[in-house]
Amino acid sequence: MSVTAAQGFTAAGIAAGIKANGNPDLALVVNNGPRLAAAGVFTSNRVKAAPVHWSEQVLRGGTVSAVVLNSGGANACTGPKGFQDTHATAEKVAHALGGDFNAGEIAVASTGLIGVLLPMDKLLPGVETAAAALSADGGEDAAIAIKTTDTVHKTATVSRAGWTVGGMAKGAGMLAPGLATMLVVITTDADLDSATLDKALRAATRTTFDRVDSDGCMSTNDTVLLLASGASGQVPAYEDFAEAVRTVCDDLARQLIGDAEGASKDIRIEVIGAASEDDAVEVGRSIARNNLLKCAIHGEDPNWGRVLSAIGTTKAGFDPDRLNVAINGVWVCRNGSVGEDRDLVSMKDREVRITADLANGAESAVIWANDLTAEYVHENSAYSS
């Protein structure tokens with residue numbers, strides 16, 4: 001049930017007419033309390049969409065009572081009118097929900113084509129429809145409504161003794177590190193304050209969403225929100241809660257890579273033997289963004305020379321004559337030169353594992369990427385999303 005697996009939450013997903021194809025395009029997630037704690041992380045892109053600017057302001061208060069999300073338009077690079085439309089959306093949600101709801105506690109998220117104003121004549125009535133459709137079983141509908149080029153909706157749930165963490169995500173392109181890399185809403189019925197949520201969320205995103213690098217392109221709209229209702233009455237230990245949040249984030253991040261636009265291979269890049277974690281991450285990202293390597297992986301060619309060339313562009317500490325590279329467990333490069341026979345490498349499976357050993361320390365990191373295919377080029381040249 002995704003974001004409604006935790007007690008205290010209702011959700012809905014409906015077709016408001018924002019998308020020309022008539023598919024679902026508006027989602028609403030409501031925290032019914034008793035606690036309304038929240039935390040969020042957003043894109044580090046200097047060009048930010050209007051909903052990101054709005055939601056950043058909302059999250060400074062640490063309280064979020066509802067999140068409204070639309071696909072079919074990013075409301076990015078739309079000037080003052082775009083921000084006014086975001087404000088109007090939050091106001092409409094507060095009015096539709098009634099009671100003690102106010103716009104200053106409504107987060108807004110949008111996804112779709114940049115540089116186009118949203119059709120507010122369709123979106124605002126859609127908010128009323130979504131509010132009327134809210135249900136404790138509405139999590140899956142909400143996850144479906146935020147899809148753009150996604151081929152499947154993405155949800156994850158972890159249950160512990162008396163409390164739950166659940167989430168939904170959208171994302172299939174423009175996946176690159178920026179603290180979020182897509183739209184995500186995570187909920188929990190644990191009784192925790194916003195500071196605890198913030199700590200757990202930032203720790204989780206640092207090693208999950210922030211290490212998904214599909215195409216090296218960072219979105220203007222990246223948003224990850226974590227809401228707590230406190231409805232279970234349980235106050236878990238921080239370590240237990242942080243582990244559950246990370247598990248949900250990791251699950252969703254893997255689903256993003258698995259659904260990346262046009263991808264035929266999921267690439268797990270593990271950098272070991274680094275002098276620091278920062279070195280390991282920098283090397284992993286360089287490998288993940290090497291288009292020559294991504295093409296080779298698509299062609300099932302274990303071209304380890306392209307891994308070495310990517311490592312060599314970084315500032316990480318290493319001796320070129322001590323570098324080692326394995327592809328699917330075969331050490332095809334030893335000490336910066338030819339290793340085991342590359343013909344021993346099988347690349348028929350969907351997942352390809354690359355291990356890069358810098359032989360310069362004890363730190364490591366894992367980055368997830370995918371191959372570069374003709375389908376990816378077609379998706380991003382023939383269509384607007």
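## Helices H1 and H2

Helix H1 covers residues 50-59 and helix H2 covers residues 79-97; their axes come within 8 Å and cross at roughly 50°. This is a predicted model. H1 and H2 are therefore oblique to each other. The crossing in which H1 passes H2 is right-handed.

H1 brings Ala50, Pro51, His53, Trp54 and Gln57 to the contact. H2 answers with Gly82, Phe83, Thr86, His87 and Ala90. Sorted by class, the residues of this H1 and H2 contact are five nonpolar and five polar, with no charged residue.

## Helices H5 and H6

Helix H5 spans residues 194-207 and helix H6 spans residues 238-258. The two pack at an angle of about 45°, and their axes are 9 Å apart. That makes H5 oblique to H6. Their crossing is right-handed.

On the H5 side, the contact is made by Thr196, Leu197, Lys199, Ala200, Ala203, Ala204 and Thr207. On the H6 side, the residues are Tyr238, Phe241, Ala242, Val245, Arg246 and Cys249. The contact of H5 with H6 has nine nonpolar residues, two polar and two charged.

Aspartate 193 sits in the loop between S8 and H5.

Aspartate 193 touches Arg35 and Ala37, once residues up to four places away in sequence are left out. Valine 235 is 42 residues from aspartate 193 in sequence. Their C-alpha atoms are 9.9 Å apart.

Strand S9 runs over residues 223-228 and is mostly covered. Six of its six residues are buried. Thr223, Leu225 and Leu227 point one way from S9. Val224, Leu226 and Ala228 point the other way, and all of these residues are buried.

Which strands pair with S9? One is strand S3, residues 37-42, which runs antiparallel to S9 and is joined to it by six bridges. Another is strand S8, residues 183-188, which pairs with S9 in the parallel sense over six bridges.

## The four-stranded sheet

Four strands form an open sheet with mixed pairing, in the order S1-S2-S4-S5. Its edge strands are S1 (9-14) and S5 (106-110), and each pairs on one side only. From one strand to the next, the twist averages 10°.

Strand S4, residues 66-70, runs parallel to S5. Five bridges join S4 and S5. Valine 67 has alanine 107 as its bridge partner in S5.

## The six-stranded sheet

Another open sheet has six strands in the order S13-S12-S11-S14-S10-S15, and its pairing is mixed. Its edge strands are S13 (337-338) and S15 (363-370), each pairing on one side only. Strand S11 (residues 324-327) pairs with strand S12 (residues 330-334) in the antiparallel sense, over three bridges. Within that pair, valine 325 stands opposite cysteine 333 in S12.

Helix H9, residues 304-311, packs on this sheet. H9 touches S11, S12, S13 and strand S14 (351-357). The direction of H9 makes about 135° with that of S11.

## Isoleucine 269

Isoleucine 269 lies in strand S10, residues 266-274. S10 takes its place between S14 and S15 in the order of the six-stranded sheet. Is isoleucine 269 buried or exposed? Its relative accessibility is 1%, so isoleucine 269 counts as buried.

Setting aside neighbours within four places in sequence, isoleucine 269 is in contact with Gly284, Ile287, Ala288, Ile354, Ala365, Val366, Ile367 and Ala369. Among them, Ile354 falls in S14. Ala365, Val366, Ile367 and Ala369 fall in S15.

Proline 51 is 218 residues away from isoleucine 269 along the chain. The C-alpha atoms of this pair are separated by 33 Å. Proline 51 is also one of the H1 residues that make the contact with H2.

How values were computed. Residues are numbered from 1 along each chain as its sequence is written. This is a predicted model: local features need pLDDT of at least 70, side-chain atom pairs count only at pLDDT 80 or more; totals for chains, interfaces and linings use all residues. Side-chain values use heavy atoms; hydrogens and water are left out. Axes are lines fitted to C-alpha atoms, for helices over the stretch in contact, and angles run from 0 to 180 degrees between N-to-C directions. Angles under 35 degrees count as roughly parallel, over 145 as roughly antiparallel, 65 to 115 as roughly perpendicular and the rest as oblique. A crossing is left-handed if the near helix is turned anticlockwise from the far one by less than a right angle, and right-handed if clockwise. Contact means heavy atoms within 4.5 Å. Ala, Val, Leu, Ile, Met, Phe, Trp, Tyr, Cys and Pro count as nonpolar, Asp, Glu, Lys and Arg as charged, and the others, Gly among them, as polar. Buried means under 20% relative accessible area, exposed over 50%, partly exposed in between (1.4 Å probe, protein chains only). Two strands pair if DSSP finds at least two bridges between them.
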